[in-house]
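Here are my notes on the model you sent. They take the contact between the chains first, then some helix packing.

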Amino acid sequence: MELFEALSTKFNYWIYIIIMMIGLYAMISKNNLVKKLIGMSIFQTAIILFYVSIGVKEGATIPILYHDQVHPSHGDSHHEADTGHGEDHHPSHEEIVANLHIEPDDFGNPLPHVLMLTAIVVGVATLGVGLALTQKVYRDFGSIEESEILKSIKSAK
Amino acid sequence: MIDQSPALILLAPFLLAIVLALLGIKREWLCFPLVIAGLAISVAASVVTLMRVIDEGTIQYFFGGWEPPFGINLRVDGLNALVALAVSTVSLLTAIYSKRAVPAETSDKVSQFYTLYLLSVTGLLGIVLTGDAFNLYVLIEISALTSYALIGMGSRRATLAAYKYLIMGTIGASFYLLGVGYLYIKTGSLNMYDIQEQIVANNLHSSPTIFVAFVVIMVGVWIKMAFFPLHSWLPNSYTYGPSTTSALLGPLVTKVMIYVMIRMILTVFSPEFAFDQLDWSNIVVWMSVIAILAASISALSQTSLQKMLAFLIIAEVGYMVGGVWLTDEMGMVGSIYHIIADAFMTLCVFLFAGIIFTKTGRRDLSAMEGLFTKMPLTMVGFLVGAFSLIGIPPTAGFFSKWYLIQGGISSGHYEYVAALLISSLINAVIFFRIIEIAYFGTKPAEGHGHHHNEEHKDGPKEASFSMLFPLLITAALLLGIGLYNQEVVAIITNFVSQFNIGAIIL
């Protein structure tokens with residue numbers, strides 16, 4: 001039962017580890033240079049999944065304040081102004097902030113997600129450099145199979 | 001201007017890299033002066049920053065005026081001020097060396113090479129200066145991505161070596177990123193000092209999450225610094241890349257990563273956690289003993305000069321990792337001093353290897369036959385570097401080994417002391433073999449004056465000024481750092497003593 005709980009409540013972490021190991025396996029054991037790079041991409045994506053799942057909360061939404069959250073009585077006061085009973089009072093910025101009732105639990109944590117934008121860019125750049133190097137390897141050795149390249153290096157000696 | 005000095009250290013090469021990328025392709029003559037200008041500003045700013053740190057203590061620089069933990073800051077103390085000065089000086093000296101070497105080796109890509117060079121230096125300086133754990137990851141990747149490209153510009157084998165480096169480097173950096181994620185889960189912060197405060201305030205030292213973060217970060221950093229079983233990417237990358245690349249990355253990348261390890265242990269996780277709670281010290285010191293011995297023996301069996309030096313770098317990494325994990329104040333001081341000393345001695349021998357390669361076009365040891373008569377000044381520079389790597393006084397290498405051995409003895413790790421001494425002996429064998437070849441030649445029957453004269457005419461002459469100058473300056477710096485070791489060590493001790501490592505009883 002405990003094991004089931006550990007698996008079910010933290011399944012996102014289990015999945016990220018499984019994906020990461022798939023990527024690591026491909027990077028280490030594949031013979032084809034492009035397949036290794038695919039493994040590298042899977043590996044990095046697993047870490048992105050890990051970070052994204054840190055920031056997620058159950059039932060939470062994106063960390064943006066909607067208009068009616070900032071001006072909760074705006075519609076009402078407008079209505080009252082129309083009927084001529086209310087005061088024409090526009091709250092200042094400080095008052096709005098002071099009156100806001102924001103529960104942090106209602107919003108997902110944006111920071112890990114923002115960090116992953118950077119990590120995605122880094123990942124794309126790494127993949128680009130990797131593919132460029134693969135292309136150069138192919139031009140130099142006429143193959144992208146690691147075993148064949150090593151054979152041609154040995155025979156050149 | 002003075003207030004901005006920490007930011008200038010890395011902004012000068014960064015901004016000039018952009019200028020170079022825009023203007024350099026059409027105007028190749030502009031590349032070299034711009035690189036020198038950028039790095040000279042960087043060196044000057046490092047000197048100013050170091051002076052300020054000595055006067056005022058820790059300097060904080062807030063980017064855009066945002067204070068941490070919300071903003072990103074540079075935080076400079078006695079440790080990173082010294083390392084930043086070493087990094088910027090080494091990159092300036094290598095840049096001077098590159099004047100002839102880059103057009104000769106990568107003739108069609110001069111401006112691209114220099115742009116990547118400046119960006120790589122920016123990344124390395126950023127790693128050293130930043131106070132933000134996630135920024136550190138981005139900067140590791142900046143310096144790594146540029147170094148893959150810089151290595152890949154070399155010969156046929158270099159491309160494959162760069163590819164392997166890319167795979168290993170990405171695994172290392174990703175592990176580091178993972179560790180930062182675990183730290184963030186527990187502390188909710190990315191600023192190194194804030195993380196430390198949160199760990200202490202919430203008493204998280206016994207948390208398994210922090211433990212996982214530490215393990216993952218250490219593994220990542222060890223891969224990036226080529227700690228012995230994880231070193232496979234290094235030898236070929238530094239052997240077959242262009243000689244300027246080897247002279248830039250060889251001295252810097254591994255040392256900067258050792259700085260990251262020290263920073264993580266001392267500042268982020270605190271030494272009590274790393275040394276006392278985990279009780280890893282014995283294991284890691286034994287690992288470093290194996291690293292030192294295995295790498296030194298591998299170096300002994302190499303016939304290519306560059307590859308031999310690359311294995312020596314791996315052995316030196318073992319010295320420093322061992323010194324950090326001795327759990328001794330003297331060992332820590334020795335390791336930090338060795339970062340600076342080793343940056344310059346590795347630079348010295350790699351510059352020598354680069355000069356030999358450009359002059360003779362060969363990498364094997366027999367290329368050095370009779371060099372004492374043909375290139376006396378180059379050999380003088382090399383001798384200082386070699387003596388420093390062996391550990392002969394008064395070079396810097398002697399004093400760093402002295403402190404490391406003192407640390408080893410006072411913490412009772414005699415196996416580490418023995419490994420250091422054996423490695424010094426092996427270094428002596430290696431370098432005296434080179435000196436013998438350079439002085440007497442490989443063939444015994446070459447003493448005839450007639451034959452000698454003939455060879456003198458055909459053989460290589462003294463290296464050009466732009467190559468010789470950085471080599472001799474580096475040699476002079478090695479002697480200078482050695483002779484003024486007490487001043488340098490005073491700064492380091494001042495930094496290390498606040499952590500009270502000696503009080504940790506194992």
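1. The contact takes 26 residues from chain A and 23 residues from chain B; two residues are in contact if their C-beta atoms, placed from the backbone, lie within 7 Å. On the side of chain A that touches chain B, α3 (33-55), α7 (110-141) and α8 (146-156) each supply at least two residues. α7(A) gives the most, with 14 residues. That side of chain A divides into 18 nonpolar, five polar and three charged residues. Here Ala, Val, Leu, Ile, Met, Phe, Trp, Tyr, Cys and Pro count as nonpolar, Asp, Glu, Lys and Arg as charged, and the others, Gly among them, as polar.

2. This is a predicted model, in which local features need pLDDT of at least 70, side-chain atom pairs count only at pLDDT 80 or more, and totals for chains, interfaces and linings use all residues. Residues are numbered from 1 along each chain as its sequence is written, and chains are lettered from A and ligands numbered from 1 in the order in which they are written. Helices (H or I, at least four residues) and strands (E, at least two) are DSSP runs, numbered from the N terminus.

3. In chain B, α4 (residues 110-129) is mostly covered, with 18 of its 20 residues buried. A residue is buried if 20 or more other C-beta atoms lie within 10 Å of its own, exposed if 12 or fewer, and partly exposed in between.

4. The axes of α4(B) and α10(B) (residues 243-269) come within 9 Å and cross at roughly 20°. That makes α4(B) roughly parallel to α10(B) (angles under 35 degrees). Residues in this contact include B:Y117 and B:L124 of α4(B) and B:L252 and B:Y259 of α10(B). The contact of α4(B) with α10(B) has nine nonpolar, one polar and no charged residues.

5. α1(B) (residues 5-23) and α4(B) pack at an angle of about 160°, with their axes 9 Å apart. The two helices α1(B) and α4(B) are therefore roughly antiparallel (over 145 degrees). Among the residues making the contact are B:F14 of α1(B) and B:L118 of α4(B). By class, the contact of α1(B) with α4(B) has 15 nonpolar, four polar and no charged residues.

6. B:E272 lies in α11(B) (residues 271-277). B:E272 is partly exposed, with 16 other C-beta atoms within 10 Å.

Technical notes: Axes fitted to C-alpha atoms, helices over the stretch in contact; angles between N-to-C directions. Parallel < 35°, antiparallel > 145°, perpendicular 65-115°, else oblique.
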